[in-house]
Amino acid sequence: MRRISKLTRVAVGVASLALAATACGGTSSESGNGGDGESKGTKGLAIAYDIGGKGDQSFNDAAYAGLQKAEKEFGYKTADIEPTEGETDADKQQRLESLAKQGYNPVVGVGFAYGPAMEAASKKFPKTTFGIVDSVVEGDNVASLVFAEEQASYLAGVAAAKATKSNTVGFVGGVDIPLIHKFEAGYKQGVQDTSGGKVKVISQYLTQTAEEGGFSSPDKGKAAAEGQIEKGADVLYAAAGLSGQGVIEAAAKAKVWAIGVDSDQYKQEALASYKGSILTSALKDVGGAVYTLAKSVEDGKPLTGVQTFDLKVNGVGLAESNPEFAKIAGLSDAVAKAKEEIIAGDIKVNTE
């Protein structure tokens, strides 16, 4: 099995695309060549969204930005497909196979929930390149697009420690799973290292499973944030997909800081009324990863194996779009220093 431990430097800037675009792709009515496990290969990138779908202003929208860039640059037909409520692994597999059969290449599952479906579908369509975000799937034609979320979250923790006045900050995780534990672990370590242990971190997970709405319920995020604010938290970091919008709303209402996730949420139109309260965002260049995979297929050299996006390749980072970011004493310098030390290996960031 081929394994690629680090991706060569990727193109950056995909996250700055207009993530809230309203155009909606769909599957084509064209069929493949009879369902024999081979695709026509006449179309381009297709993505199948995770829970929350397009419009989450976060994870899924970042993937869509990558699709938009590929569509514009390569001039081919693309597709982006929404999830359905209560769907099974079989439903996901059918979606991926349908896209491959229609000739889309590559086909990307956005989110770890596509793991079992991706493993099965990729075996049926060996000439199609598949990609999965946030999970590792074995397969000669599968690229596993994974990120060092803990590194971006560490930087978010540095920012929180510098911005807090109450010496209490919050973390809201969408679902209590190892992936989100990485966000929490990095954030807590960044806060503690920067404050010397003087700043308290309040953590809360919205649900135990994704099916309970942890990534798709702004009302749950808002309620959790309000509870943390009542306990004195004046900086709130959410790694909760669409639910994070509720955290940002609560922070804005209480006039405390929010830290966004995955995309630069300060720049998003849907959150414009709250932007003044979004201090920064822990960036995860899902769009860049999706685009990079599409480009590799277009160039005839499809990526496979584990592709790791970290600070070294600008696959993760911290946004500085809000002018207030630069006005907080010592914040910019502390973040820059931490980034350098993580890249150099002087700081080892926890993942759990």
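**Overall counts**

I began with the secondary structure: the protein chain has 10 helices and 12 strands. I note here that this is a predicted model. Next I looked up burial, and of the 352 residues of the protein chain, 59% count as buried. For the surface I got about 14100 Å² of accessible area, with 48% of that belonging to carbon and sulfur atoms. I also checked how far along the sequence the contacts reach. Among those between residues at least 6 apart, 72% join residues at least 24 apart.

**Helix α10**

I picked α10, which runs over residues 331-344 and has 14 residues. From first C-alpha to last, α10 reaches 20 Å, close to the 20 Å expected at 1.5 Å a residue.

Which residues of α10 are buried? I found Leu331, Ala334, Val335, Ala338 and Ile342 on that list. They cover an arc of only 95° around the axis, so they sit on the same side of α10. A reminder to myself: an α-helix has 3.6 residues a turn, so residues three or four places apart point the same way. On the other side of α10, I found Asp333, Glu340 and Ala344 exposed.

Then I asked what covers the buried residues of α10.

**Aromatic pairs**

How many aromatic pairs does the structure hold? I get 7. I opened two of them for their geometry.

One is Phe74 with Tyr76, a tilted pair at 5.6 Å centre to centre, with 50° between the planes. Both Phe74 and Tyr76 are buried.

The other is Phe171 with Tyr205, where the ring centres are 6.1 Å apart. Their planes stand at 70°, and an angle over 60 degrees counts as edge-to-face, so that is what I wrote down for this pair. This pair links distant parts of the chain, with Phe171 in strand β6 (residues 168-175) and Tyr205 in strand β7 (residues 200-207), 34 residues apart.

Are Phe171 and Tyr205 buried or exposed? Phe171 is buried, at a relative accessible area of 0%. Tyr205 has 19% relative accessibility, and since the cut-off for buried is under 20%, Tyr205 counts as buried too. I also saw that ring pairs link Phe171, Tyr187, Tyr205 and Tyr237 into a cluster.

**Charges over rings**

I looked for lysines placed over aromatic rings. Lys92 lies over the face of Tyr114, at 5.9 Å from the ring centre. Lys275 has its charged end over the ring of Tyr266, 4.5 Å from the centre.

**Lys200**

My last entry goes back to strand β7, where Lys200 lies. Lys200 has 53% relative accessibility; exposed means over 50%, so Lys200 counts as exposed.

What is Lys200 in contact with, leaving aside its neighbours within four places in sequence? I found Asn167, Thr168 and Val169. I also took a C-alpha to C-alpha distance from Lys200 to Ala161, and it comes to 9.3 Å. In sequence, Lys200 and Ala161 are 39 residues apart.

Note on methods:
Residues numbered from 1 in each chain as written. Predicted model: local features only at pLDDT ≥ 70, side-chain atom pairs only at ≥ 80, totals over all residues. Heavy atoms only, no water. Helix = DSSP H or I, 4+ residues; strand = E, 2+ residues; numbered from the N terminus. Expected span 1.5 Å × (residues − 1). Buried < 20%, exposed > 50% of the residue type's maximum accessible area, 1.4 Å probe, protein only. Arc of directions from axis to C-beta. Contact = heavy atoms within 4.5 Å. Phe/Tyr/Trp six-rings, centres within 6.5 Å; stacked < 30°, edge-to-face > 60°. Lys NZ or Arg CZ within 6 Å of the ring centre and 35° of its normal. Areas by Shrake-Rupley, 256 points an atom, 1.4 Å probe, with all protein chains shown as cover.
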